[in-house]
Amino acid sequence: MVFSFLIYLMMIRTISLYVFLTLLLLSAINCKNETFSPPSVNSLLPQKQNVVMAVDTTLTSEIIDNLLKPVYDTMNMKPLEEMDEEIQLSRSDIKRFVIGREKFAALVIENQYPFAGASTGHCDLFIFRFNGKNWETADFMIEAGSGGMYGNSGSLHRFTVIGKKTVCFALSGGQTHMGTLYYDDLVIFSQNKLKKACTVTTEYSYGDWDDNSDGTRFCYNVQYAFLPSEKAVYDLQLVKRSCLKEDKDQILDKIVVPFDNKDSMFKIPQAFEDNLP
């Protein structure tokens with residue numbers, strides 16, 4: 001019986017030792033997990049950041065001078081040999097526009113000719129494109145339109161978006177000779193090219209303006225507008241109205257002219273075109 005008791009005591013001591021060692025091991029594991037870990041090498045390095053740099057799209061006078069120089073340095077600025085005066089150049093306000101994701105700017109150069117009778121001035125048209133870094137010339141057209149009597153250059157009258165990828169510039173001019181004739185030359189910019197689309201007579205008058213006279217008299221004006229649509233180039237609407245005293249504002253004719261994609265122009269009917277004698 002004594003021998004059985006001794007075995008029992010030894011078993012209790014063995015179990016107690018096993019429990020003690022187990023608790024000691026668990027305590028060591030917990031201490032290791034709570035030990036402070038130094039930061040990794042990567043955490044000490046500066047984190048990479050995406051920085052977007054602002055692009056300067058300013059179109060300064062100096063930039064414009066450099067873009068125009070190759071063109072006007074080769075032009076004869078004294079068109080009349082008998083006169084010493086040169087053509088006077090002046091600039092319109094810059095017109096900015098966007099086609100797709102490309103940024104453009106338009107500039108009209110007015111060419112004022114020396115005063116000399118029936119000589120006419122004209123307007124040149126330049127389109128500049130921003131290529132992501134610098135401004136460059138996309139296209140230009142010398143004598144794009146406009147002009148008038150006594151060297152008058154005319155001017156940029158209207159700038160209109162006439163399609164998702166097309167803009168139109170209206171250059172106004174006119175003449176007076178036994179009557180009046182005013183017109184807008186319409187120049188479009190599409191697919192990085194300038195093209196003359198048509199000339200719209202905006203006002204025409206001729207004849208004796210004495211109300212008591214039996215002389216032949218004509219007077220009308222034409223209002224035009226582009227009709228927004230899903231077309232690549234909008235249709236052009238023309239409304240012809242009388243400007244005579246007896247039937248002022250009476251509609252004489254009205255038409256919608258589609259853009260001719262083959263010839264890249266609006267084909268204006270003869271009924272809307274007149275010339276001074």
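Mentor: What follows looks at the cavity, its lining and the core around one of the lining residues.

This is a predicted model, in which local features need pLDDT of at least 70 and side-chain atom pairs count only at pLDDT 80 or more, while totals for chains, interfaces and linings use all residues. Residues are numbered from 1 along each chain as its sequence is written, and side-chain values use heavy atoms, with hydrogens and water left out.

A search of the whole structure finds 1 cavity of 30 Å³ or more (on a 1 Å grid over the protein atoms alone, a set of points where a 1.4 Å probe fits but cannot get out, with lining residues having an atom within 4 Å of a point). The largest cavity holds about 30 Å³ of space, a volume being the space filled by probe spheres set on the points. Its lining consists of Thr199, Val200, Thr201, Val222, Leu238, Ile268 and Phe272, and by class this lining has 5 nonpolar, 2 polar and no charged residues. Strand E10 (residues 193-207) gives the largest share of the lining, 3 residues, strands being DSSP runs of E of at least two residues, numbered from the N terminus.

Leaving aside neighbours within four places in sequence, Leu238 is in contact (heavy atoms within 4.5 Å) with residues including Val200, Val222, Ile268 and Phe272. Both Leu238 and Val200 are among the residues that touch the most other members of the largest nonpolar core, which has 24 residues; such a core is a set of buried (under 20% relative accessible area, 1.4 Å probe, protein chains only) Ala, Val, Leu, Ile, Met, Phe, Trp, Tyr and Cys residues joined through side-chain atoms within 4.5 Å.

Note on methods. 1 Å grid on protein atoms, 1.4 Å probe; cavity = no way out; pocket = protein on both sides within 12 Å on 5 of 7 lines; lining within 4 Å. Helix = DSSP H or I, 4+ residues; strand = E, 2+ residues; numbered from the N terminus. Nonpolar A, V, L, I, M, F, W, Y, C, P; charged D, E, K, R; others polar. Buried < 20%, exposed > 50% of the residue type's maximum accessible area, 1.4 Å probe, protein only.
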